[in-house]
Amino acid sequence: MRRLPLDHPGIADHRSPDRFLWWLAHSQWRTLAGGMAFGIVSMSAQAVMPAVIGRAIDRGVADGDGDALLRYAGLLALIGLVQAAAGIMRHRFAVTNWLTAAYTTVQLVARHTVHLGGTLPRKVSTGEVVAIGTSDISHLGQVMDVSARFAGAVVSFLLVAVILLQTSVTLGLVVLLGVPLLMLLVGPLLAPLQRRSTRQRELMGHLSNTATDIVGGLRVLRGIGGEQVFHDRYRRESQTTRRAGVEVAKLQSVLEALQVFLPGLFVVVIVSIGARYAVAGTITPGELVAFYGYSAFLMIPLRTATEYANKFIRGRVSARRVCRVLALTPEVVEPEVPAQPPAPGGELHDRRSGLRVRPGSLVAVVSEQPDDSAALADRLGLCAAEVDDDVSLGGVALTALSRTDVRRRIVVSDTGATLFSGRLADRLDLTGTARHDGKLARALATASSDDILAALPEGLDTVVTERGRSFSGGQRQRLVLARVLTLDPEVLVLVEPTSAVDAHTEARIASRLREQRAGRTTVVTSSSPLMLDAVDEVAFLEDGVVVATGTHGELLRTHARYRAVVTRETELVVAGGLP
């Protein structure tokens with residue numbers, strides 16, 4: 001599938017679901033036109049069959065002309081072959097259109113998700129994005145699928161109307177006026193169907209989000225005995241979603257019933273009028289048989305038209321949800337003219353907090369409120385919800401640099417980082433070269449992950465389950481640390497990298513991290529004495545501002561508030577005039 005630019009009109013027109021559907025159709029117009037062409041040929045061939053059968057009866061059977069009967073029989077066989085071949089090709093194009101529409105939508109949403117980065121989880125729920133990939137792409141694909149048959153239905157309807165007008169003006173007018181009238185009877189159902197479908201789609205998104213939360217926190221829920229509470233919550237939400245689905249199904253069942261009843265009623269009307277004409281001698285027996293064939297055939301265009309209306313409504317609802325995601329914009333905007341990147345080895349400075357990180361140093365940030373240090377870490381990597389010019393690297397504001405330069409030189413690994421499913425070696429070696437040049441082995445050793453690999457039968461070839469759920473919390477944390485260490489960025493920001501490991505493991509990681517990151521700038525947010533004792537400098541935050549800097553030992557001796565945070569004292573003991 002071709003690569004679509006992020007500034008493509010399909011994204012520019014994200015506010016209108018109708019425009020998005022039009023763009024989706026326009027982006028695959030060749031296969032869509034091919035499907036419509038074969039759909040028109042297939043249904044037109046089927047539409048003219050009653051006329052050929054009527055002529056065969058009148059000129060072959062009634063007149064006793066065997067040669068004419070053979071000629072019409074051969075013509076029927078030829079038309080049948082054309083219909084069969086066109087039908088096969090129409091179906092192939094329809095499947096292609098379905099897949100193209102569905103996976104073009106997946107491509108757009110996935111690439112826009114990458115473009116949004118950390119903005120996405122702050123503005124839209126996980127369940128909403130999941131629902132796009134599970135149900136919405138199916139509805140969008142079905143719109144493109146049914147379009148080929150709908151085009152054939154329209155053309156074949158007009159073809160039958162012309163044939164009937166040539167035979168009987170009355171019957172032709174009944175068809176031309178009756179079919180649109182029948183479609184108008186279906187119209188009042190479409191608006192309520194769209195409202196109910198929209199409501200059901202919203203509930204499905206909420207339900208998917210709840211299921212994701214439950215699965216993600218199942219270990220915690222079991223620990224606190226909250227499984228039944230969330231089980232009841234999920235049951236209530238699922239029943240609400242089920243009832244909304246039933247409401248949609250009620251209207252769809254009426255629509256499906258009308259697809260059978262209205263064409264059937266129409267057939268009765270056409271046949272009754274044709275029978276009266278045949279009795280009166282106005283039309284021949286062959287023409288009567290042809291009229292019956294037309295009436296039976298017209299059920300197909302009518303049902304296709306109502307099916308198209310049904311699928312278009314559901315596709316429009318899905319398009320609106322897709323457009324809502326495509327309408328999101330990242331907090332970090334690419335500068336129109338990116339600044340020249342600073343030379344390697346520049347100082348990292350956050351003006352808001354006053355933090356200064358010397359090149360090549362290992363600095364720890366300690367705060368009584370972990371959220372303050374986590375927010376500082378996000379700002380250092382240009383990952384915060386509110387982006388400003390406070391953070392600079394080598395004297396150049398991060399917001400003035402291109403996002404590619406920032407992401408390449410500064411990497412932030414927070415506690416929310418997870419492992420994706422797939423082969424473990426591939427999930428740890430993001431560059432594809434770390435395993436061969438020894439960086440991966442070194443990173444695994446620094447993260448004290450030897451015991452994890454030893455316990456895996458296939459080692460690095462082990463397949464990681466979804467979000468790394470087969471590993472414990474401490475194991476996942478160490479593997480995530482190893483993954484980010486293999487990147488070996490110029491500036492590495494680690495948020496509580498050892499919060500889930502035991503003291504012995506933490507001590508090993510802390511001692512090895514300095515050697516691993518020698519000559520590189522590293523910032524660690526932690527209040528663990530084992531980690532703090534291994535860093536070059538500690539910055540103590542209060543209310544988001546650095547109020548003291550020094551080594552861990554110096555701050556323990558000279559700063560009571562720092563000592564209270566690090567040693568977990570319940571009360572501050574101020575002695576000897578210490579601050």
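**Sheets and the helices across them**

Tutor: Helix H21 (residues 560–567) lies across strand S3 (362–367) and S11, and runs at about 95° to S11. The model is a predicted one, in which local features need pLDDT of at least 70 and side-chain atom pairs count only at pLDDT 80 or more, while totals for chains, interfaces and linings use all residues. Residues are numbered from 1 along each chain as its sequence is written, and side-chain values use heavy atoms, with hydrogens and water left out. Helices (H or I, at least four residues) and strands (E, at least two) are DSSP runs numbered from the N terminus; angles run from 0 to 180 degrees between N-to-C directions of axes fitted to C-alpha atoms, for helices over the stretch in contact.

S3 and S11 belong to an open sheet of six strands, whose order is S6-S9-S10-S3-S11-S12 and whose pairing is mixed (two strands pair if DSSP finds at least two bridges between them). At its edges are strand S6 (410–413) and strand S12 (545–550), each of which pairs on one side only. From one strand to the next, the twist averages 20°. Strand S11 (residues 537–542) is joined to S12 by five bridges, and these two strands run antiparallel; Val 538 has Gly 550 in S12 as its bridge partner.

A second open sheet has four strands in the order S2-S1-S4-S5, with antiparallel pairing. Its edge strands, strand S2 (355–357) and strand S5 (396–397), each pair on one side only. Two bridges join strand S4 (residues 391–393) to S5, and the two run antiparallel, with Leu 393 standing opposite Val 396 in S5. This sheet too has a helix across it: helix H11 (residues 370–380) lies across strand S1 (348–350), S2 and S4, at about 125° to S1.

Turning to helix against helix, H17 and helix H18 (residues 503–516) pack at an angle of about 0°, with their axes 13 Å apart. The two are therefore roughly parallel to each other (angles under 35 degrees count as roughly parallel, over 145 as roughly antiparallel, 65 to 115 as roughly perpendicular and the rest as oblique). Arg 478, Leu 481 and Leu 485 of H17 make the contact with Thr 505, Ile 509, Leu 513 and Gln 516 of H18, where contact means heavy atoms within 4.5 Å. By class, four of these residues are nonpolar, two are polar and one is charged (Ala, Val, Leu, Ile, Met, Phe, Trp, Tyr, Cys and Pro count as nonpolar, Asp, Glu, Lys and Arg as charged, and the others, Gly among them, as polar).

Another helix pair is formed by helix H2 (residues 17–27) and helix H10 (residues 285–326), which pack at an angle of about 100° with their axes 8 Å apart. That angle makes H2 roughly perpendicular to H10. On the H2 side, Pro 17, Asp 18, Phe 20 and Leu 21 take part, and they meet Phe 312, Gly 315, Arg 316, Ala 319, Arg 320, Val 322, Cys 323 and Leu 326 in H10. The contact of H2 with H10 has eight nonpolar, one polar and three charged residues.
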